[in-house]
Amino acid sequence: MLNWRKPVINTLLKVTGSTVPAKVDFIKSIEYLPREQIELIQKKNLKKLLLHAGKNCPYYTKVLSESGVIQNDQVRLDNFNQIPFLTKDIIRKEFNNIVSKKTVAKKTWTDTSGGSTGVPVKLLKDNFFWDMGIASHIFYNHMIGKKIGEKEIKLWGSERDTLTGKETLSFRLKNWLYNRKLLNSFRMTDSDMHKFVEAFNTIKPKSVWCYIESIYELARFVKTNSLTAHPPEAIIATAGTITEPVKQLVEEVFQTKVYNQYGSREVGCVAAECVKQEGLHIFEFSQMLEVIDENNQEVQPGVVGENVITTLYNHSFPLIRYRIGDTSIKKDGWCSCGRKLKLLKTVTGRVSDHFKSQDGAIIHGEYFTHLFYDRPWIKKFQVVQNDYNNIDVYIVQSDQKNDADIKDIKDKIRHVLGNQCITNFKFVNEILASDSGKYRYTISKLSHEK
Ligand SMILES: [Zn+2]
């Protein structure tokens, strides 16, 4: 059948003034360029960002000058690694000084994100950053052979659907236009999972976009109940650490390949596997990724290091050398697909447990993360499920606690775990990382009893 969606989507994007089509063209124009040219383009974009930030964002005016990166209106990239890292603490304290004083975008808005670290942080985003996110997504689909408008299932968390049972009309329209079916993975009961399997078999999606933990639970459900689900051509899994046994089970049950995509709400898509699966291509056209050791030096390939990201497309709120809290391992050499975008071997450090309710529903860890967004007095959190009806919430405060927020969080936890569930708030000075050194924002003592 003729795919009418692609031209309609492209036309709609163009008439609404979106820069997505131009950004997709830009990315596609560089994907197969020789390495030196890709580096030149990245450096050019980085210089532009640094000059802009140095001139228009008071926080960067200070640090870029002190680190010797901007001298007499010139950018000295050789001093780039002298720029102090941007932490969530700094963003919280310096928010107004990071915002660009010069208006550069049509539209800006604030967005709170927790990433994998359990430390919520408020950022300012603009339409160019947003468009680059969509363009990266389209490019990513193209890398694994999926075209705009081909059938897709998105097994993803929807707080709105979980709490109200319904998405907004514009959200549903957009999904219809993109030929995408959203299956809400924030709370999955057995009956939900039966419906999800049915959706696979009736929709017959070409691809599935999902949280790795959610597709894993669905795969276990299919296998345990001896069901069959239509095999998509690709499963794109994100927002989690993909271990080999998890990947194997999902691939076995859905008879397809699982592709690893790494990104976050704060910075967009950072890296992703192509069909050759020889590593995750770093999206160097939209950001710069450094992987550093404890002495703040770039690590060698094969060694775990901490990710430091500079986004090249959010001039309204530049993130320069941002310590996002994830870790990864770089890979030497090039992928046989021919793209000269550098590779990551793997991304680690994102650990979230599923919670379980007494009625057997599985609730994704991200549901709990979202409960702590936009509550500025909460500096850091961790949610621990001790038993079906017993939850501890650890909080490190940055300000006076807010009783209305606490009530709201308790209500929303009861909404997914049941009315009998008791949530205890514990106010502490620090929340420590686990033995492995990874910080876990959701821990369920039940999910380890499989
Ligand atoms: Zn490749």
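This is a predicted model: local features need pLDDT of at least 70, side-chain atom pairs count only at pLDDT 80 or more; totals for chains, interfaces and linings use all residues.
The chain comprises 13 helices and 22 strands, where helices (H or I, at least four residues) and strands (E, at least two) are DSSP runs numbered from the N terminus. Residues are numbered from 1 along each chain as its sequence is written.

With regard to overall dimensions, the C-alpha atoms of the chain fill a box of roughly 65 × 60 × 45 Å along the principal axes. The radius of gyration of the chain is 22 Å, in agreement with the value near 22 Å for a compact globule of 450 residues; this radius is taken over C-alpha atoms, and the globule rule is 2.2 Å times the number of residues to the power 0.38. Buried residues account for 41% of the 450 residues in the chain, a residue being buried if 20 or more other C-beta atoms lie within 10 Å of its own, exposed if 12 or fewer, and partly exposed in between, with C-beta atoms placed from the backbone. Of the contacts in the chain with a separation of 6 or more, 66% involve residues 24 or more positions apart, two residues being in contact if their C-beta atoms, placed from the backbone, lie within 7 Å.

The chain is divided into domain 1 (1–146 + 233–345) and domain 2 (355–444), with bounds that come from an automatic or database domain assignment. The C-alpha centres of domain 1 and domain 2 are 29 Å apart.

Helix H6 (residues 127–143) contains 17 residues and extends 24 Å from its first C-alpha to its last, close to the 24 Å expected at 1.5 Å a residue; the expected span is 1.5 Å times one less than the number of residues in the helix. H6 is mostly covered, with 13 of its 17 residues buried, and just after H6 a positive phi of about 85 degrees is found at Gly 145.

A series of parallel pairings links strands S5, S8, S9 and S10, where two strands pair if DSSP finds at least two bridges between them. Strand S5 (residues 152–156) is joined to S8 by four bridges in the parallel sense, and within this pairing Ile 153 has Val 208 of S8 as its bridge partner. S8 and strand S9 (residues 234–238) run parallel over five bridges; here Val 208 stands opposite Ile 235, while Trp 209 has Ile 236 of S9 as its bridge partner. S9 in turn pairs with strand S10 (residues 257–264) in the parallel sense, also over five bridges, and Ala 234 stands opposite Lys 257 in S10.

Five of the five residues of strand S8 (residues 207–211) are buried, so that S8 is largely enclosed by the rest of the structure. Its faces are both covered, with Ser 207, Trp 209 and Tyr 211 buried on one side and Val 208 and Cys 210 buried on the other. S9 is likewise largely enclosed, because five of its five residues are buried; Ala 234, Ile 236 and Thr 238 lie on one side of S9 and Ile 235 and Ala 237 on the other. Together with helix H10 (residues 212–224), S8 and S9 make a right-handed β-α-β unit, a crossover being right-handed if, with the strands pointing away from the viewer, the path from the first strand over the helix to the second runs clockwise.

An open sheet of three strands has the order S7-S18-S17 and antiparallel pairing, its edge strands being S7 (187–188) and S17 (355–356), each of which pairs on one side only. S17 and strand S18 (residues 362–363) are joined by two bridges and run antiparallel, with Ile 363 in S18 as the bridge partner of Phe 355.

Tyr 367 is located in helix H12 (residues 365–370) and counts as buried because it has 26 C-beta neighbours inside 10 Å. When residues up to four places away in sequence are not counted, Tyr 367 touches Gly 157, Glu 159, Thr 162, Phe 186 and Val 416. Between Tyr 367 and Asp 78, which are 289 residues apart along the chain, the C-alpha separation is 42 Å.
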